[in-house]
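Please read it alongside the sequence and the coordinates.

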Amino acid sequence: MEDHDADQKRRREINPSYPFVDQAEWQLAEFLAQRLTQTNINKFLKLDWFKTRARPSFKSADQLFGWIDSLPGGPEWQSTTLEFLNYTTAWPIELIWRDGPEVVKDLFANPIFANHMMYDPHCIMVGAEREYGEFFTGERAFFIQVQLFNQLPEGATMVPIMLASDKTPVTWISGGLEMHPIFLTIGNIQSKVRMKATAHTWHCIRFIPIPKFDVHPDFQMLLHACLFHKCMDVIFAKCKVATKTSEYMPDPTGYLMLSGVHQPFWGDWIYADPRYFLIGDMLHTGYKFFGDHPLKWCKEVVGEEELDACYKAHHKCVSTRHFGSGISHINQMTCREHRDIERTMVAKIAGATNTTPKFIQSIRMLTEFIYQAQSPVHTNSSIHAMVQLLSKFHRLKQAILDAGTRRGKSRTIENFLIPKLELFHSFAGSVKDSSGLIQYSSNISERLLITHCKFPFKRTSRQAKSFTLQVVQILNREEIMHRFNLYTLLQMHGTPHSNAITTEDNIIAETDPTLAWIAHILPDQQHHFHGPRPVRNHFLKGILTAEAKAAFHVTVTPDQRSLTLCDLPYTYSLPDFAAVLTEYINKMSQHGPTMSWTHQTDSIWTWNKFHIQLVSTFQSRVVMPSQVVQAYLPSEAFPLGNCNTVLVQSSENDNIYIAQVHCIFQPIAKTGHTLPHYLEATPLLYIQYFQITSTPDEEPSVGMYRVRQIIHQDGMGQLFRPGAIIALTDVTCAIELIPVFGLKLDRTMTATNSMEVCNEYFLNIFSDKEVFHMMHTDIM
């Protein structure tokens, strides 16, 4: 707010919300400006309700908008009318834009990102392996630094400009208006922050119209392309100059730094080479490729009805979509739906009618390649492994053609001329040049189309003549209101922004930078800002393993708190529970069981679920979102219970086992009594183990562990699954088991019983990227 004149600055020292009466009136003004049209604001201010109550200090919509417009904002939006010589359009071509270099400066100087910035190319070595993660760890950053070394003075840095765009409808009146929004961010901001659409690291800088020219339809696309390039020149003209001559700009801490920019566009732009900045997109080249091609091949060979039945019978897990109606009826899929289908497909088709081992393995090679490609951190070894996976697919792909699954509209296709498949071959080079591909994924820009583009256009009136002006005003006011909110909050509490620039914690939970910034200086005021739900860091107050590799959380209040040892086996259908608990107590006490808790009279608390949280296998200082492990008792919806599976590390021999959690519990002593540490330190788990029947090497087509339930027979000839008791902290991670459906799915198997009635299961290595990476480190 330093741009204010002396009078406004003086008034704002007394009232931070000036020209509004106070913070409450500013909140009302912001609400009206964001949600009502000018006509409706005037109607609101004329309500009879105000005859007996105090009116706002602004008397009309014009006065309200005038006050907002008088506040300093960021780089201003403007409009420019473009003309094509000798070509006409039904409506004037109005480019809505703001200056690219000014937006770059605004991002570069934002103190909110001070702890998330990088300025120099650097090489990270892990042993003998070089890591490729952020842009500044790639070879392209080093190449540009060498090229600029003799041209720029000491202290210069580069500012990599990243752009994203997609065509989208912004209005639905008069046939609808389509535009090309362009989003901009800078590669100096760390990718883990930059990859969040709601972190305000991406700024919309222009709306390029898509007009209808009065020409033959064959020439429409050509003219649209010419218009696109013309608009880019208008917006980034100053960037091209800065690339050659450099420019001073303040960094987030307020110091001036010399910077040259690169990679915004090609043409006469130094260092702008399409070979480097047109990078493979994980959304379209990865997820949507799988939906457009491998998914269709699997439907053809297995049959839509059979594949639907397998997805319907899949066990429900928290945080992943369950396709209760199958997948064949879905025409338009989101990125998440593509991913959730892809991650279980290999196990679903394994052994199905008409599939061959080579067909399954070819699908697995593509899936592994996509998972390997979206790793946030690469090494030379992982890049080589990624290349090898693609080579193996090409050696196996004839099985797909032999199955007749490559079909066009009227005939079978006998080739693999698929552009997205061809693009896979550029991934290895792109990773070395520009580092991790996942940071350039367009799923961010597709999210931005909703959050940044369509809403402002909905608040315009139906007047075509003033439409462009209205959009410019709305966009400018949005920027002003966002900044004024932050300013008034800091001013009211007398807090300078420099207090927020602190040393990062040793362990970082990913969150929204603005919320984290406010949390440092005004922790009680976070509710004033909206952002993605922060990752709760259970390593701070949760239950930790001995080496602090995992953190656990259960609610303070249990779900059942009045059970006894006599009740629990019947409630949970675990007939051997008492015997197994006695065995555990004898083992832990060395056959000296405690007298402070007795089976007959004391109670047991139980929980339906617990959270387990791990640090990233790629970045050991980053805390991942916690996973939910369920252990619901039998109910009408789940007659056999709803229980998830985990990996367990034995405290006796460090071996890793696969187990299903059936009960989360803790003995509770009477008042005045103290339990021994092995009963009181952490909750306990009743689990049932699985036996590994084959390894990935023995299942080359699927590449997963195959396991089966351990079944014993009692003295009466009854079959049962033996249980065991372990401490909660013996769990190492949550995993997913997928039933081996075989040639044809048994239709009595459903999502409510598939984890109990199936004979064999696959340990799914594709449940998420972290599990995939962990399984490839040979932890078993």
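Glutamate 131 has threonine 379 in β11 as its bridge partner. The model is predicted, so to speak of local features pLDDT of at least 70 is needed, side-chain atom pairs count only at pLDDT 80 or more, and totals for chains, interfaces and linings use all residues. Residues are numbered from 1 along each chain as its sequence is written, and side-chain values use heavy atoms, with hydrogens and water left out.

β4 and β11 run antiparallel and are joined by two bridges. Strands here are DSSP runs of E with at least two residues, helices are runs of H or I with at least four, and both are numbered from the N terminus. Two strands count as paired if DSSP finds at least two bridges between them. The open sheet has three strands in the order β3-β4-β11, with antiparallel pairing. Its edge strands, β3 (124–126) and β11 (378–379), each pair on one side only.

β3 pairs with β4 (residues 129–132) in the antiparallel sense, over three bridges. Isoleucine 124 has glutamate 131 of β4 as its bridge partner, and methionine 125 stands opposite arginine 130 in β4. Two residues lie between the strands of this hairpin, where glycine 127 takes a positive phi near 65°.

## Helices α10 and α14

Two packed helices are described by the angle between their axes and the distance between the axes. For α10 (residues 282–292) and α14 (residues 357–373), the angle is about 155° and the axes are 11 Å apart. Axes are lines fitted to C-alpha atoms over the stretch in contact, and angles run from 0 to 180 degrees between N-to-C directions. The angle makes α10 roughly antiparallel to α14, a term for angles over 145 degrees.

The crossing of α10 past α14 is left-handed, meaning that the near helix is turned anticlockwise from the far one by less than a right angle. Contact (heavy atoms within 4.5 Å) involves Met282, Gly286, Phe289 and Phe290 of α10, together with Ile363, Leu366, Thr367, Ile370 and Ala373 of α14. By class, seven of these residues are nonpolar, two are polar and none is charged; Gly counts as polar.

## Whole chain

The protein has 27 helices and 30 strands. Of its 780 residues, 51% are buried, that is, under 20% relative accessible area with a 1.4 Å probe and protein chains only. Among contacts with a separation of 6 or more, 68% are between residues 24 or more positions apart.

Notes: Angles under 35 degrees count as roughly parallel, over 145 as roughly antiparallel, 65 to 115 as roughly perpendicular and the rest as oblique. Buried means under 20% relative accessible area, exposed over 50%, partly exposed in between (1.4 Å probe, protein chains only).
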